[in-house]
Amino acid sequence: MTSTAFTTGAGGANQTIPDSDVEYWSGTATSTNGSGTFTPGQPTAAAAVALSSGQTAFAHTAGGGANNASWDPTVIVNVPSTVAAGQYTGTITHSVA
């Protein structure tokens, strides 16, 4: 998964929270279905990662057929003290490979 920067207004220097300030941790699976091993990318808060580059939320190995996992991730947006007050928007993208 990755994130865009979060912006408000015109997205100027004091209206942008960079993607490096957006953190994510997947936690453990809340449910799984199928065979194989389901491994969280970030099982604990201490393993949180910045979304400024692609990260793996979950990995699956050694299973065949239909498999799925559900989890309840945590997203943390660290707001720099230099940004203006406002409603910020951004996009977090999950992909399946």
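Which residues of β4 form its covered face, and which its uncovered one? Val-22 and Tyr-24 are on the covered face of β4, while Glu-23 and Trp-25 are on the uncovered face. This is a predicted model, in which local features need pLDDT of at least 70, side-chain atom pairs count only at pLDDT 80 or more, and totals for chains, interfaces and linings use all residues. Residues are numbered from 1 along each chain as its sequence is written, and side-chain values use heavy atoms, with hydrogens and water left out.

**The sheet around β4**

Strands here are DSSP runs of E with at least two residues, numbered from the N terminus. Two strands pair if DSSP finds at least two bridges between them. An open sheet of three strands has the order β7-β4-β10, with antiparallel pairing. Its edge strands are β7 (49–50) and β10 (74–77), each of which pairs on one side only. Strand β4 covers residues 22–25 and is joined to β10 by four bridges. Within that pairing, Val-22 is opposite Val-77 and Trp-25 is opposite Thr-74. Two bridges link β4 with β7, again in the antiparallel sense, and Glu-23 has Ala-50 of β7 as its bridge partner. In general, the strands of a sheet pair through backbone hydrogen bonds, either parallel or antiparallel. In a regular strand the side chains alternate between the two faces of the sheet.

Accessibility is given as relative accessible area: buried is under 20%, exposed over 50%, and partly exposed in between, with a 1.4 Å probe and protein chains only. Contact means heavy atoms within 4.5 Å. Thr-74, in strand β10, is partly exposed because its relative accessible area is 29%. Not counting residues up to four places away in sequence, Thr-74 touches Glu-23, Tyr-24 and Trp-25. From Thr-74 to Thr-89 the C-alpha to C-alpha distance is 17 Å, at a sequence separation of 15 residues.

Pro-73 belongs to the loop between β9 and β10. With the same exclusion of residues up to four places away in sequence, Pro-73 touches Tyr-24, Trp-25 and Ser-26. Pro-73 and Ala-29 are 44 residues apart in sequence, yet 9.4 Å apart in space, C-alpha to C-alpha.

| Residue | Relative accessible area | Class |
|---|---|---|
| Ser-3 | 9% | buried |
| Thr-74 | 29% | partly exposed |
| Pro-73 | 33% | partly exposed |
| Ala-62 | 78% | exposed |

A nonpolar core is a set of buried Ala, Val, Leu, Ile, Met, Phe, Trp, Tyr and Cys residues joined through side-chain atoms within 4.5 Å. The largest such core has nine residues: Met-1, Phe-6, Ile-17, Val-22, Tyr-24, Leu-51, Ala-57, Val-83 and Tyr-88. Nonpolar side chains tend to be buried together in soluble globular proteins. Leaving aside neighbours within four places in sequence, the contacts of Met-1 include Tyr-24, Leu-51 and Ala-57, as well as Thr-93 and His-94. Ser-3, in strand β1 (residues 2–3), counts as buried because its relative accessibility is 9%. Apart from neighbours within four places in sequence, Ser-3 is in contact with Asp-19, Val-22, Leu-51, Thr-91 and Ile-92.

Strand β6 (residues 37–40) has Phe-38 and Pro-40 on its covered face, with Thr-37 and Thr-39 on the uncovered one. Four bridges pair β6 with β8 in the antiparallel sense, and Phe-38 is opposite His-60. Ala-62 sits in the loop between β8 and β9. Its phi is positive, about 65 degrees, although Ala-62 is not a glycine. Most residues other than glycine have a negative phi.

**The largest pocket**

On a 1 Å grid over the protein atoms alone, a pocket is an open set of points where a 1.4 Å probe fits, with protein on both sides within 12 Å along at least five of seven lines; lining residues have an atom within 4 Å of a point. The largest pocket has a volume of about 430 Å³, the volume being the space filled by probe spheres set on the points. Its lining has 16 residues, of which Phe-58, Trp-71, Ser-95, Val-96 and Ala-97 are the closest to the pocket centre. Strands β8 (58–61) and β9 (68–71) each supply at least two lining residues. By type, the lining has nine nonpolar, seven polar and no charged residues. Here Ala, Val, Leu, Ile, Met, Phe, Trp, Tyr, Cys and Pro count as nonpolar, Asp, Glu, Lys and Arg as charged, and the others, Gly among them, as polar.
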